[in-house]
Amino acid sequence: MKHITSLYFICFITLAFAQNKPKGKDLINKNKIAFLNTKGNLSNIEKSKDAAGNLQFLIETKEEPKFIYNCATSIPIIKKGYKKGTVFLLSFKAKTETASLETGEAKALIIFKQTGDYKGNIDYTQSFSSEWQTYYLPFEADRYINKDNLGLVMQYGYRPQSFSIKDIKFEVFPEGTKLGDLPKTEITYAGMEADAQWRKDAIERIESIRQGKFTLQFYKDGQPLKSKSFNVKLKKHLFPFGARMAAEDIVNNSDDYKNFKKAFNCLVLGNDLKIKHWQNKKKRAMTLKALDVLEEDGYPVKGHVLIWPGFNYLTPEVRQNKDNPEKVTEIIKSHVNSILDATKGKLTHWDVVNEAYTNRDLQKTTGSEEILYNGFRTLAKKQPKVRRFTNEYGIISKGGIDTQKQQWYYDFIKRIDENTGGLVQGIGIQSHIGSDLTPPERVLEILSFYATLGKQISISEFTMDVQDPKVREQYTRDFMIAAFSHPNVSEFLFWGNTEDGRKKSDIFNADNEIGVMGKAYFSLVHGAWKTSLNETTSEDGTVSGIGFFGEYEYSFVENGQLVSGTFQLKPRQSNFYKIEL
């Protein structure tokens with residue numbers, strides 16, 4: 001498609017701005033809109049009326065098709081030819097009813113058709129809030145549109161979802177109207193203002209919990225090295241900042257892996273340790289080779305995932321034996337043992353169970369959650385030093401309002417502990433952020449809620465759907481500040497590194513340059529949070545400072561030669577080093 005625009009709106013425009021909107025002509029065909037229908041048998045549209053008697057539609061995707069366009073609706077409009085530069089405005093009210101995406105939101109691809117094929121389309125990918133919101137999608141014709149080619153199509157062939165939509169209008173405006181004259185709801189979230197108090201408090205907490213004091217005392221020939229100018233800089237953070245990688249990219253040293261090495265100090269494998277990949281011997285060999293490369297390169301690796309209890313994520317053999325719980329139990333047991341034996345000593349921690357809220361096939365087949373508990377027991381027995389995490393989506397995303405799921409996840413973790421003797425060591429909170437941007441203060445509230453369980457918290461899969469560069473960068477930065485400021489947060493993982501077309505994570509863009517999210521990331525991890533000090537030793541040869549925890553390098557010039565060395569700045573220790581040159 002020649003033009004692709006992804007805009008996400010979460011607020012109403014102001015009344016004053018709405019009143020100043022140019023007057024347009026509605027092109028919706030009122031006689032046909034009541035007969036709105038869907039393409040294919042994988043989706044469905046139900047018609048009803050709201051409390052005011054207005055027509056509304058419930059659009060449901062029952063099963064994810066192979067292609068998004070297999071679930072689609074053509075919105076009936078009055079057709080006419082239009083000049084290049086003509087502006088249009090699609091507006092409607094919508095809300096998510098059910099969702100399977102990690103953001104917790106339903107979404108649709110809105111296509112403004114200008115030609116007889118797909119090459120001239122202008123597209124919006126639109127996510128829908130959990131509450132009724134009005135959405136405004138402006139278009140400008142970039143060519144002459146003849147009567148037969150003008151069209152408006154909505155595609156929604158994603159994972160099973162449903163959303164309600166009503167008050168659909170498609171207006172055309174008089175010649176001379178500018179695209180900027182049309183309403184476009186700005187993306188905002190509480191706490192984004194520059195002087196927000198939550199951010200000031202978070203930065204103070206970061207300085208308190210993520211930094212420590214160090215003292216270096218230098219001697220040369222038994223005498224203190226005094227009045228010597230030193231540079232002391234952080235080489236590697238102790239806190240794990242990482243991203244998802246693929247084994248093939250690691251083994252082949254692709255651009256994605258080269259970019260990764262410029263930015264991060266740890267990683268999680270995306271699909272390579274999931275059961276379907278692991279059962280493929282060729283892919284398994286690639287995964288094991290990648291783990292060897294990572295060990296040689298010095299990168300800690302998180303395993304993802306031992307047990308994902310939905311049939312869609314398991315091998316066909318599991319589904320085929322859904323009426324044989326003993327066989328299913330044996331299949332999962334064999335897999336867990338196999339992968340733990342093969343990866344012993346290569347991983348630092350595991351997502352033992354993934355997304356058990358929506359994926360309950362193993363639990364239903366075997367009659368309990370025991371099959372999940374056994375994953376924790378087996379890992380603890382075979383690799384007691386490897387940390388054990390849960391992992392779940394929809395906890396912080398979609399505005400942080402799903403208190404029912406938040407409570408379920410909290411109780412689920414407690415149930416695992418109660419049945420395994422406290423084997424859960426970490427709580428994975430995925431953080432796939434959609435159009436409802438969760439305010440940072442709410443993020444902190446949710447983190448504190450789970451912190452009462454007394455465990456580490458992983459921001460395990462951070463992504464953003466919002467494409468507006470200003471908001472995308474600022475929210476990434478604010479979310480990172482909030483998370484890093486919470487004492488229970490033990491790692492921050494992006495679910496992606498180099499932009500791959502899905503527009504979820506762009507630490508680096510497709511040209512291998514720093515992307516929009518990357519600007520936020522580098523400004524913090526390799527900027528504000530990367531200590532670099534220039535100091536001078538005192539009369540007794542000491543130099544002291546405060547810095548972020550991690551591995552440091554000191555350097556100075558002595559007799560025309562560069563002298564350097566390293567030391568560790570760690571929490572809960574004296575961090576005093578006596579160095580004889």
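Okay, let's start with a pair of helices: the axes of α13 (residues 469-484) and α14 (residues 516-528) come within 8 Å and cross at roughly 35 degrees. Axes here are lines fitted to C-alpha atoms, for helices over the stretch in contact, with angles from 0 to 180 degrees between N-to-C directions. Helices (H or I, at least four residues) and strands (E, at least two) are DSSP runs, numbered from the N terminus.

Keep in mind that this is a predicted model, where local features need pLDDT of at least 70, side-chain atom pairs count only at pLDDT 80 or more, and totals for chains, interfaces and linings use all residues. Residues are numbered from 1 along each chain as its sequence is written, and side-chain values use heavy atoms, leaving out hydrogens and water.

So who touches whom? In α13, residues including Arg472 and Met480 meet a set in α14 that includes Tyr521 and Leu524, where contact means heavy atoms within 4.5 Å.

Next, the sheet. Four strands make an open, antiparallel sheet, in the order β24-β14-β26-β27; strands pair if DSSP finds at least two bridges between them. β24 (532-536) and β27 (561-569) are at the edges with a single partner strand each, so one side of each has no neighbour in the sheet. On average, neighbouring strands are turned by 25 degrees against each other, direction ignored. β26 (residues 550-558) pairs with β27 over nine bridges, in the antiparallel sense, and Glu553 stands opposite Thr566 in β27.
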